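Visitor: I am new to this structure. Could you show me how to read a few of its features?
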Amino acid sequence: MIKKVTFLAVAFLSTLLIHADDMKKYREFADTIRKEVYSMELPAFQIKEIPEKYKNESAVIKAVYEDVDAKKKTGIGVAPGFFIIPKISGRARVEFGHLTRMLIHINDKAAIEKYSEFDFGIDKKRKTWDGYEKNRHVMGVRLVKPDGRIVDIDTSEFVEVEEGKKGEKKSRKLAIPGLETGDDIDVFFYTESKLQNVHPDPMEFYLKDDAPILNYAIHCVLDDKLTTQYRTLNGAPDFTVSRDEDGNYVLDLQLTDISAKEPRLWYNPVMQSPLIKMNIYNRRNSDAFTPKSARKDGLQANPDPAKIIEDRYDIDDWWLEKTPGFKDNEIKSGIRDGGKILKEVDRRMKSGEMTVLQTADYLYNLLAYYYAGNRYRMNNRGFIQRLFDLFKGRKIPFSIGLSGMDAYEQLDHMIDYTNNLYFIKVESNGETRYYFPPAVDRIKLPSEIHAGIQGRKALLYRKKKDRKKNPATDFFPLPMSTVDDNRNVTTVNAVIDGQVLRIKRDEAYTGATKIGASSLLTWEDLDRDYSSSLGRIGFDVNVKLNKKQITDRDAHYIDMRKEQQDALKDETKAYHDDSPAEFTDGRITSSGIDPENPALGYELTYTMDNLVKRAGKNLIVSIGKLLSSQNSVLPSDRKRDDDIYMRTPREYITRINLSVPAGYKVSTRSLTALDKSVSNPSGTFSVKTSTPSDDSVSIDIAIRFAKGKLPVAEWQEFLKILDAASSWNASSLLLEKK
């Protein structure tokens with residue numbers, strides 16, 4: 001026993017010593033990097049004054065400097081071989097460094113609040129079958145006071161945080177003490193990566209920020225034995241390219257006085273900001289896929305997008321050229337009576353009881369049901385492969401297509417072969433439907449196109465031999481939805497009880513408006529609604545579960561119900577911009593996945609205690625608070641240089657029914673003052689009031705955003721709609737004592 005304890009103590013002590021040694025080495029490394037960075041001769045970081053035209057800006061970024069260094073290294077490694085005999089061979093290695101340094105001038109309290117905390121990465125190691133990735137992160141911060149004093153911030157005082165449902169997102173947060181108006185923050189982030197059989201992560205350089213930039217410089221030194229591909233987007237300038245004495249590619253770019261700022265509201269930087277995307281590959285990797293377009297060393301500036309698209313197809317031709325081979329196995333093995341259900345679907349389609357499109361919708365939802373709630377860790381491509389087989393097995397006429405979310409570059413400017421999604425297009429009797437994987441938006445109807453995909457450029461797959469003759473260039477836009485497709489209807493029934501309002505509120509979301517409510521759904525809701533919808537053909541449709549899985553599921557449901565109630569309470573607080581005095585109940589009435597019941601719906605009952613006030617004998621009701629809290633437009637938002645990107649047109653309808661307590665009557669003048677109508681090509685805000693009876697008031701409110709994308713020339717007109725809706729939130733209704 002003594003020997004065992006001694007051994008454990010020694011082992012524990014050894015672990016502590018190793019950790020201490022690692023920390024010592026890291027501190028030495030970090031100190032060296034900080035010294036090197038802050039000794040760099042960068043004239044832009046010596047700027048003292050800011051131009052007069054920026055004196056009223058909250059913050060001004062005096063300088064940004066990006067430095068990228070990528071070197072190919074060859075080493076010797078050991079990996080498992082046949083019969084457990086180690087295999088010794090050369091290893092494809094890359095040493096990669098990325099520095100981002102900024103000098104930010106603080107002009108007001110808002111800037112102090114914004115820049116008083118920074119996030120930076122956590123050192124990590126990742127192993128693959130025959131490779132590894134080792135990252136070390138260094139942060140440096142110092143304040144430059146107006147009198148020239150430099151105050152170094154101790155970056156070891158960070159706090160490690162975990163975000164996400166399972167704490168999968170880890171980062172370090174560092175507070176900046178002593179930050180004052182007039183200060184400059186000189187901050188940098190440096191990442192050193194050592195990679196074996198792993199490609200460096202893709203990089204993005206946004207040449208625009210939410211504050212003016214006086215000077216932006218990028219300097220890259222890239223080994224000519226690596227493959228570098230980059231794309232300039234949205235009007236971004238190109239690099240100046242040269243070679244150094246070692247043959248490395250040297251890329252330089254410098255911009256001055258970037259006065260245009262990224263707007264706070266309705267803006268997509270990927271689609272609107274000048275941007276450069278860059279991928280670096282080491283084609284010698286044995287454990288990481290290298291696309292065909294990158295299997296030749298050198299620099300590729302703005303390569304032909306058809307070649308990048310061909311990289312995507314090159315991976316998938318094995319299943320795109322023929323049936324993937326999954327057949328009906330997913331449904332038969334994962335859905336109770338799956339084989340019988342498919343036979344019934346086949347029978348109904350052949351007899352005409354189900355049209356081709358109804359069959360396609362049903363099969364989509366059947367497969368989506370199996371995958372819902374991450375029961376099976378599928379990827380988007382895997383879903384489309386299995387849907388391909390289900391459609392092919394029913395002889396549904398379809399095509400495979402490629403497109404992508406608006407978080408990616410468009411297909412005709414593609415630089416990363418992974419930035420896309422497959423979809424299936426079905427045409428029947430003059431109607432066309434598009435089926436995207438549900439992981440993009442789990443609450444979609446079968447053929448509903450996510451708001452971030454609508455209008456995006458798409459491409460239909462053609463056989464490899466056809467593409468050799470004519471590369472992929474026949475892009476077409478995906479359909480856009482209309483205002484009528486994207487509607488949120490809110491019904492508020494409010495009863496005055498003394499000085500509180502007892503409220504029952506019903507919400508119904510269709511189309512793009514469902515996105516905002518999707519987080520309220522649980523797997524229990526989806527399970528119920530998929531099962532009910534799919535069961536209309538005469539089967540009890542359920543995912544197969546064993547006894548242990550059922551027990552685990554039921555226990556999980558209990559936890560999810562509590563989380564859902566908390567989420568519904570939070571929704572109520574956000575709606576009224578105030579917490580309810582009492583939250584009675586909330587429940588999901590529809591998940592929005594059923595073609596016959598397309599709305600995502602829920603109902604809430606609660607009490608608000610600060611919306612009714614006495615004014616002598618009379619009552620004043622804060623009626624405007626029964627309309628959902630509207631976007632606040634800040635003074636800094638009113639001047640705008642960029643188009644307004646809202647994804648889709650949409651409409652928000654609110655119907656308020658207020659019961660007037662006995663002994664009171666509605667002030668006609670107060671009620672008439674609530675009526676409002678503002679309309680222009682960008683949208684509408686309208687309020688119509690009525691008194692159906694002596695003891696009730698009805699108010700119908702419509703907020704219509706007529707376009708998914710508005711030119712900046714319409715911004716001032718659009719502000720009139722926003723201002724009208726926001727100001728109505730402050731409206732009151734007078735109830736007079738009879």
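Guide: The buried residues of α13 are W715, F718, L719, I721, L722, A724, A725 and W728. Buried means under 20% relative accessible area, exposed over 50%, and partly exposed in between, with a 1.4 Å probe and protein chains only. Helices (H or I, at least four residues) and strands (E, at least two) are DSSP runs, numbered from the N terminus. This is a predicted model, where local features need pLDDT of at least 70, side-chain atom pairs count only at pLDDT 80 or more, and totals for chains, interfaces and linings use all residues. Residues are numbered from 1 along each chain as its sequence is written, and side-chain values use heavy atoms, with hydrogens and water left out.

Visitor: Which strands do the buried residues of α13 pack against?
Guide: They pack against β28 (644-645), β31 (676-680), β32 (683-693), β33 (696-705) and β34 (709-710). Contact here means heavy atoms within 4.5 Å.

Visitor: What do the axes of α6 and α7 tell me about how the two helices cross?
Guide: Axes are lines fitted to C-alpha atoms, for helices over the stretch in contact, and angles run from 0 to 180 degrees between N-to-C directions. Helix α6 (residues 338-351) and α7 have axes that come within 10 Å and cross at roughly 165°. That makes α6 roughly antiparallel to α7. Angles under 35 degrees count as roughly parallel, over 145 as roughly antiparallel, 65 to 115 as roughly perpendicular and the rest as oblique.

Visitor: How is α7 (residues 356-371) placed against α8 (residues 380-393)?
Guide: Those two helices pack at an angle of about 140°, their axes 10 Å apart, and are therefore oblique to each other. On the α7 side, A360, L363, Y364, L367, A368 and Y371 meet G382, F383, R386, L387, L390 and F391 in α8.

Visitor: Where does A451 lie?
Guide: A451 is in the loop between β19 (431-435) and β20 (457-460), and counts as buried at 4% relative accessibility. A451 and G708 are 257 residues apart in sequence, yet 9.4 Å apart in space, C-alpha to C-alpha.
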